[in-house]
Structure formats: structure tokens, C-alpha cells
Amino acid sequence: LLASLSGLPDEEAELIKMAAPLHDVGKIAIPDSILNKPGKHDADEWAIMQTHAQIGEDILSKSDRRILQLAAIIAGQHHERWDGTGYPHNLKGEQIHIAGRIAALADVFDALGSKRCYKEAWEPERIVALIQEESGKQFDPALVTLLLNNLEQVQAIREQFPD
């Protein structure tokens, strides 16, 4: 939805839709004790957890298939931040591929609304408030505007595909 709303061609939007679910494939290399920890990670655990983005990019980039090449970009860039303080490459603004920017926003929207071993699901109003606060910092402000202006559609998609 965000890809289409941002003006990408239908084919590119469909590729993002198919590639984005692979964004966390690098977590296969993260020990379960860290992945499933019911509390906050310490500094060493957090450093290990952050490696999943680069690992995912490395795994997927070995393919010549267009969809897996895009999945590699998404895996490697979905924790980059609009303000340049993300990881693993410290990309900033439009240096981050549009698919990575879309996946970053969609991932946070989905993760915050989902119960995890370390947290309860957030209420929709709290999610929206955080996304608004992070516009121009963590997230592409244009994508935040698109998400917020189409919140009913976004929430309907989330309800269609619950945990």
C-alpha cells in the first residue's frame, strides 16, 4: 500500500510486497537466548541482535533473482534511520532505498501492535503517536504522512494478517 501510494509502479510495489517478509531472515544467525529474551537486551546482546540486518543482506545478496536482490536491500536497510543514526550502514534520508524506508515504517507499525515475549501489544493511538514523533528522525516524513492519511487501510491490512 505504501509503495503504491508513494507513486511506485505496480510491478515495483508488488516486488516490495513479496520481498519485505524476508526482512528479518538474518535472525536465523541470532541465538534463541537473545531472540526470545523476555527483557531488555544488555549492550553485548544488542550488538549481536543488530547483526541480523547485515547477515540478512549478505545471505540474500548472493542471488541473481530480482526479488531476492530487493529482499537483500530491505534486510540490510530496514533498521536505517532517516536521520542517519540507524544500522548497519548509517544511511541517511534518500540514501536509504525506498523499499527499505517502507519496510522500516511497516515493520515498526506491525511490531508495536503485536504482543511479543518481551512486551504487550501497543494501542493504535500510542503507535500513531510514536510514528508521528519519529517522522523525520527514524522515518521518512513523506511515508509517515501517507501512512497517517491512509490509516484505516493500513489497519485493515494489519487486521487481515494478525500474528
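**View 1. H6 gives the largest pocket the largest share of its lining, six residues.** The model is predicted: local features need pLDDT of at least 70, side-chain atom pairs count only at pLDDT 80 or more, and totals for chains, interfaces and linings use all residues. Residues are numbered from 1 along each chain as its sequence is written, and side-chain values use heavy atoms, without hydrogens and water. Helices here are DSSP runs (H or I, at least four residues), numbered from the N terminus. The largest pocket has a volume of about 1,100 Å³. A pocket is an open set of points on a 1 Å grid over the protein atoms alone, where a 1.4 Å probe fits, with protein on both sides within 12 Å along at least five of seven lines; lining residues have an atom within 4 Å of a point. The volume is the space filled by probe spheres set on the points. The lining numbers 34 residues. Nearest the centre of the largest pocket lie Lys27, Trp46, His79, Ala111 and Tyr118. Helix H3 (32-35), helix H4 (43-60), H6 and helix H7 (124-134) each supply at least two lining residues. By class, the lining has 13 nonpolar, ten polar and eleven charged residues. Asp, Glu, Lys and Arg count as charged; Ala, Val, Leu, Ile, Met, Phe, Trp, Tyr, Cys and Pro as nonpolar; the others, Gly among them, as polar.

**View 2. The second largest pocket holds about 950 Å³ of space.** Its lining has 24 residues; Leu1, Lys17, Ala20, Ala106 and Ile157 lie nearest the centre. H6 again gives the largest share, six residues. Helix H1 (2-5), helix H2 (10-19), H6 and helix H9 (151-160) each supply at least two. The classes are 15 nonpolar, three polar and six charged.

**View 3. H6 packs with helix H8 (residues 141-149).** The angle is about 45°, and the axes are 10 Å apart. H6 is therefore oblique to H8. Oblique angles are those left after under 35 degrees (roughly parallel), over 145 (roughly antiparallel) and 65 to 115 (roughly perpendicular). Axes are lines fitted to C-alpha atoms over the stretch in contact.

**View 4. A cis peptide bond joins Tyr87 and Pro88.** Omega is about 5°. Pro88 lies in the loop between helix H5 (66-77) and helix H6 (98-112). Asn90 is found in the loop between H5 and H6. Phi of Asn90 is near 55°, a positive value in a residue other than glycine. Most residues other than glycine have a negative phi, and most peptide bonds are trans. Asn90 is partly exposed, with a relative accessible area of 49%. Partly exposed lies between buried (under 20%) and exposed (over 50%), with a 1.4 Å probe and protein chains only.

Notes
Axes fitted to C-alpha atoms, helices over the stretch in contact; angles between N-to-C directions.
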